[in-house]
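Please keep the sequence and the 3D view at hand while you read.

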Amino acid sequence: MSYSGIAATAAQMKELDRIAIEERGVPSLDLMEQAATAVADAVEQLLTPDPMGPTATCSTVLMAVPHQGESITDADQAELDRLQDMINDPAQKGRRVAVFCGPGNNGGDGIAAARLLLQRGFSVRAVLVGDRRRMTADARAMEQRLRDCGGTLEDFCPTNQEQMLLLSICDCKVDALFGVGLSRPITGDAALAVRLLQTHAGGPVVSCDIPSGIHADTGAVLGCAVHAAITVTFSCPKPGHYLGDGAEHTGDLWVADIGLPFDLLCHQPVPLAVVGGSFTLPRRKPNSHKGDYGRLLIVGGSEGYTGAPVLAASAALRSGAGLVFVAVPRNVYPIVAGRCSAAMALPLPDSADALLDRVKGCSAALIGPGLGRDHDDLVRMLLQSLDCPVILDADGLNAAAGHLDWIRSRTAPTVLTPHDGEFARLTGCALPIGDRLDAARSLARNTGAIVILKGHRTVTAAPDGRTWINTSGNAGMATGGSGDTLAGILAAFLGQKPLYADGADAAQLAARAVWLHGAAGDHAARRLGEYSLLPDGLIDALPQVLRDHIAD
């Protein structure tokens, strides 16, 4: 899923739909028809034979097994033969689709898709899972259109063995049970339908908007959830496609334009975006010098943690930083100095003023990688004295726990980079974090800082409410030192004035740095594999990833 652009929460989508229909006059049935067309296209692509290879279709052999003392009647055998003929009908091989519809508008999308597939020559079996009396007006209208072209919407009946069999032996299944409005666990017949969708028989699943059972804002599984091969979402992605278990359940994400006015999507009160690789980096001017690309201060290191500031410095230099100073405690200075080639190591002076004198004019500072837990006064002094962007990482975050006023009092940008445990220490929240999007936004709003809540699909939140969900990265990056490399890339980006030239601010640059960090990890994993991916390999991949994003 490499989409880059606008995203929306469930509440935002509900409001966008309302404005489009009630204020802009967009017919709701037209939106539903466009959504259904995108779903039908996805099904057709899945079931279209690959000219380079065979088409996988469902193969089922029916056998009647009599109970002890009983025999198979002629009627039983005739029924089995009839069903077997239906299954083996060569005209329907690779063309059978089961569509599972709820009574809401998501089900209406499925009913409309069933009609379109029927019109395209597919053998379609559409079932309504839920109370027919609760069908929305649009879903009822789509059912009538289905009837008009010779199709039917039958009631889901788990006790009907023939229905269960025929639903399970289709070549593809469409999940149109629940949309983005689902907020409580799935139970009853709907849970049975989800399990039937999950059976290996019946081919891959195409989900409408979001896999049923996935919370649209958090990605949490609500009781049970569908695993989709393709999710066709409408207008823009939802956070649940990327966050939590939703990322695993979504499969390939297709974003379909269904006719919502584009200006509505672009001017949401609380902007949310998905970060892909669509941005570019400016070319360097031929007459530039190292001072043009930032003087960075990295404060970190302690006994047993000398590698953290070195990794951060290496990542910063590979990300274009002009000068990098690494200030570490005197007892580890010889070790760090011996490992720094392009970065300049220096021992932490006895006084804070002496340190500030050494690094006057720095354009960004990174505080915390490997620093240890006994430097709270140093962290406070630096936060209060530095007038450049500051990235607070690792033990810098631990020092600020219980002292968020240190961060609130700053006027220059501050970036906080907590993983879940550090976030809990900063805020006092319980683990696990349920709604990562809301959590990052709340801390950003409370502190005035840019918050990068690290993890799978890292969330970057600005104090003004803008939020970005990252799409790059892989499980091979779950190793010590990955966070240090991210911190170094962040410091390099926030300290390079040319990167602000296209109008980007510190929050946007932070989101881009997060994506590049993950993209470098993906590049390294393709070469080394996820099991063997180390931070050094990620840093070595940065040049290629950065070069791919330099403007023509």
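Let us begin with Asp209, which sits in the loop between strand 6 (205-208) and strand 7 (230-234). Helices (H or I, at least four residues) and strands (E, at least two) are DSSP runs, numbered from the N terminus. This is a predicted model, in which local features need pLDDT of at least 70 and side-chain atom pairs count only at pLDDT 80 or more, while totals for chains, interfaces and linings use all residues. Residues are numbered from 1 along each chain as its sequence is written, and side-chain values use heavy atoms, with hydrogens and water left out.

Asp209 has a positive phi of about 75°, although it is not a glycine. With a relative accessible area of 10%, Asp209 is buried; here buried means under 20% relative accessible area, exposed over 50%, and partly exposed in between (1.4 Å probe, protein chains only). Ser235 also is not a glycine and has a positive phi of about 75°. You will find Ser235 in the loop between strand 7 and helix 8 (246-250), and its relative accessibility of 13% counts as buried.

Val359 belongs to the loop between helix 12 (352-358) and strand 13 (364-367). Is Val359 buried or exposed? At 2% relative accessibility, Val359 counts as buried.

Next come the pockets. On a 1 Å grid over the protein atoms alone, a pocket is an open set of points where a 1.4 Å probe fits, with protein on both sides within 12 Å along at least five of seven lines; lining residues have an atom within 4 Å of a point. Grid points are joined across faces, edges and corners, and a volume is the space filled by probe spheres set on the points. For the linings, Ala, Val, Leu, Ile, Met, Phe, Trp, Tyr, Cys and Pro count as nonpolar, Asp, Glu, Lys and Arg as charged, and the others, Gly among them, as polar.

The largest pocket holds about 1,400 Å³ of space. Its lining has 43 residues, and Gly104, Asn105, Asn106, Gly179 and Gly181 lie nearest the centre. Two or more lining residues come from each of helix 1 (10-23), helix 2 (28-47), helix 4 (105-119) and helix 7 (188-198). Helix 1 gives the largest share, seven residues. By type, the lining of the largest pocket divides into 19 nonpolar, 13 polar and eleven charged residues.

The second largest pocket has a volume of about 660 Å³. Among its 31 lining residues, Lys454, Gly455, Met477, Ser482 and Gly483 lie nearest the centre. Helix 14 (395-400), helix 18 (482-495) and helix 19 (506-528) each supply at least two residues of this lining, and helix 18 gives the most, with four. The lining of the second largest pocket is made up of eight nonpolar, 17 polar and six charged residues.

Now for the charged pairs. Side chains of opposite charge can pair when their charged atoms come close. The structure holds 21 salt bridges, each a side-chain nitrogen of Lys or Arg within 4 Å of a carboxyl oxygen of Asp or Glu.

| Glu33 | Arg145 | 3.1 Å |

Glu33 forms its salt bridge with Arg145. Glu33 lies in helix 2 and Arg145 in helix 5 (residues 137-148), so the pair ties together parts that are 112 residues apart in sequence. Glu33 is buried at 17% relative accessibility, whereas Arg145 is partly exposed at 33%. In the pair of Asp171 and Arg96, both residues are buried.

Finally, look at helix 20 (residues 535-547), whose 13 residues reach 19 Å from the first C-alpha to the last, close to the 18 Å expected at 1.5 Å a residue. That expected span is 1.5 Å times one less than the number of residues. Helix 20 has a kink of about 35° at Ala541, shortly before the proline Pro543; the bend at a residue is the angle between axes fitted to the seven residues ending there and the seven starting there. The buried residues of helix 20 include Leu538, Ile539, Ala541 and Leu542.
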